[in-house]
Amino acid sequence: MSTAFLTDHYELTMLRAALHSGVAHRRAVFEVFARHLPGGRRYGVVAGIGRFLDALESFRFGEEELAFLTEHRVVDDRTLDYLADYRFTGHVYGYREGECYFPGSPIMVVEGTFAESVLLETLALSVLNHDCAVASAASRMVHAARSRPIIEMGSRRTHEVAAVAAARAAYLAGFAATSNLMAGRVYGVPTTGTSAHAFTLLHDSERDAFRAQLRSLGSATTLLVDTYDVATAVRVAVELAGGELGAVRIDSGDLAEVAKQVRDQLDALGAHDTRIIVTSDLDEYTIAALAAAPVDGYGVGTSVVTGSGVPTAALVYKLVAREDASGVLRPVAKRSVGKPSRGGRKAAFRRIGPDGHAVAELIVPEGPDAERIAERMAVDMDGDSAEGRNRPMLAQLVRDGEVVGREPLEEARARHRRAMDELPPEAHHLSRGYAAIPTIFAARTDEGPETTPRSIEP
C-alpha cells in the first residue's frame, strides 16, 4: 500500500510552487531535531527509524493517488507529472534506534533535491514523534522497574495502528513483551496474555473460572485474583494449582499493600515460586513507588502508549542547507523568535568521559575536518589531558534512494541497553530537570566556515 498520502496538503503546494519558480530541483538538506526535551525529561530515545525506512520504500504516487489529487485540484498538471515518476533518490543519515538523544541532536538528516525531500517531512515527523515519545516513556519505566519485567498492554487506549507502533517502541526500550498480536506478527515482539475479569464473571464461580484456565493453559498461567475477594482467590488458586502456580495478577487497590499481603499468603501456602504481577494505570512514578514491594512484574497500558503524559517528542523537520543559483550548497536557518534553527549540514559525536559516561553532545559542521573539530572542542572542555573519546552518532540509512540501514529490532534493543549504561547517573532522575548532558555546537559564520568558539545548549 502506498504511504504517499501520509502527508500534509501543504507539502504538495510547496512542491507545486517550487516547480514553477524553478528551485524544486536544487539540492537541499533537511534535519530532524528537538529544540527541547518535553516534559522536563533528561534524555530522549530514538525509535521509529525502521518504520520510517519501511514507509519510505512505499512512498509512491500511483493511479489512485494521482486521481484523487486531480479530482480535488490539489496540484496542477506539471506537479502531477512530477509525482507520477516520484522516487526518493537521495541520502538519509540518522541516529540508530535505541540511541539516546538531546536538544539539538540531528537524529535524522535527509539530503536530496528540495522536491523529493520536502515531501517526506510529515511522514518522518509523524513516525518519529510518536515512536520516540513512547520509547522515551518506556525507557524511564524500565529503569524504574529495576530489572523486573514489564508487559506492554495499551492497545485499547490508542489508535489501532498506533498500538502496533507503540508496542514496537516499548519493546525496543526494554519492555519484555506486548499483548498486541499484530506487533508480534509484524515485528516479532514477544506476545503474552491470559484473562480479564470478564472470564471470571462468565463462570458460575471463581473456582470454576480458575479450574478452566488451569486446565486450558497449565499451572504456569497467571490467575487474576481481584475480581471478588483477593485473599479467597489466592487460597483457591493455590489449592487448584498447588505450588506450581505461575503467577497471580492484582489489578486494583493499594498495590503495594495488597502485594505484601498476597506474598505473605502465598508463602504461607507453600507457593514460594508463584510470582506477583501488578497492573492498574501504572507509570514510571507508580512503578518506582513499588520498588520495595514484593512485586515480580508489571503491566502498563495507557501511560506507555501516550508517552506518559508526553505524547509527542517535539521533533521538527527543518531546511538547514540549500543550493544557491551558482550551485553552491549554503547553510540556511530560521531566525523566528522562540523557534530558531542552526544552519548547515552537521556531524554529531557523543563525548564519552574516562569513566565511560557521556559528558556532552558535540555538533560540528559536516566535512573532512569534522572529527578534528570535535576533538578540539573536547580538548577545550577537558583540557590537554583529556582521556575521553568521541563516538560518531550518524549512520547512513539510505544511499541513492536505496535503504541500507535496516537492522533487526533486537539489535536496536541491545543498543538501548548500552546507551542507558552510558548515561550519567543524573539522567535517570524521574523529576523534571534539564538534559542530562549539554549539546555543544561548533560556531559557524553565515557563509559556512567553521570556527573554534562554541555555543552551549542546556
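Helix α1 (residues 9-21) and helix α4 (residues 77-84) cross at roughly 105 degrees, and their axes come within 9 Å. That makes α1 roughly perpendicular to α4. The model is predicted.

**Helix pair α1 and α4**
- Two packed helices are described by the angle between their axes and the distance between the axes.
- From α1, the contacting residues are L12, L15, R16, L19 and H20.
- They meet R78, T79, Y82 and L83 in α4.
- By class, this contact has 5 nonpolar, 2 polar and 2 charged residues.

**Annotated domain**
- UniProt, in an unreviewed entry, places "domain: Nicotinate phosphoribosyltransferase N-terminal" at residues 6-129.
- The span of residues 6-129 is 43% helix and 19% strand.
- The end C-alpha atoms of this span lie 14 Å apart.

**Residue E97**
- Where is E97 found? E97 sits in the loop between β3 (91-95) and β4 (100-101).
- Is E97 buried or exposed? E97 has a relative accessible area of 4%, so it counts as buried, the cut-off being under 20%.
- The E97 side chain reaches two backbone nitrogens: that of G48 at 2.6 Å and that of G50 at 3.2 Å.
- Not counting residues up to four places away in sequence, E97 touches V46, A47, G48, I49 and G50, among others.
- Its contacts also include R168, L172, E407, A412 and R415.

Methods:
Residues numbered from 1 in each chain as written. Predicted model: local features only at pLDDT ≥ 70, side-chain atom pairs only at ≥ 80, totals over all residues. Heavy atoms only, no water. UniProt positions renumbered as here; feature names shortened; annotations may be inferred. Helix = DSSP H or I, 4+ residues; strand = E, 2+ residues; numbered from the N terminus. Axes fitted to C-alpha atoms, helices over the stretch in contact; angles between N-to-C directions. Parallel < 35°, antiparallel > 145°, perpendicular 65-115°, else oblique. Contact = heavy atoms within 4.5 Å. Nonpolar A, V, L, I, M, F, W, Y, C, P; charged D, E, K, R; others polar. Buried < 20%, exposed > 50% of the residue type's maximum accessible area, 1.4 Å probe, protein only. Polar contact = N/O pair within 3.5 Å; in protein donor to acceptor, adjacent residues only side chain to side chain.
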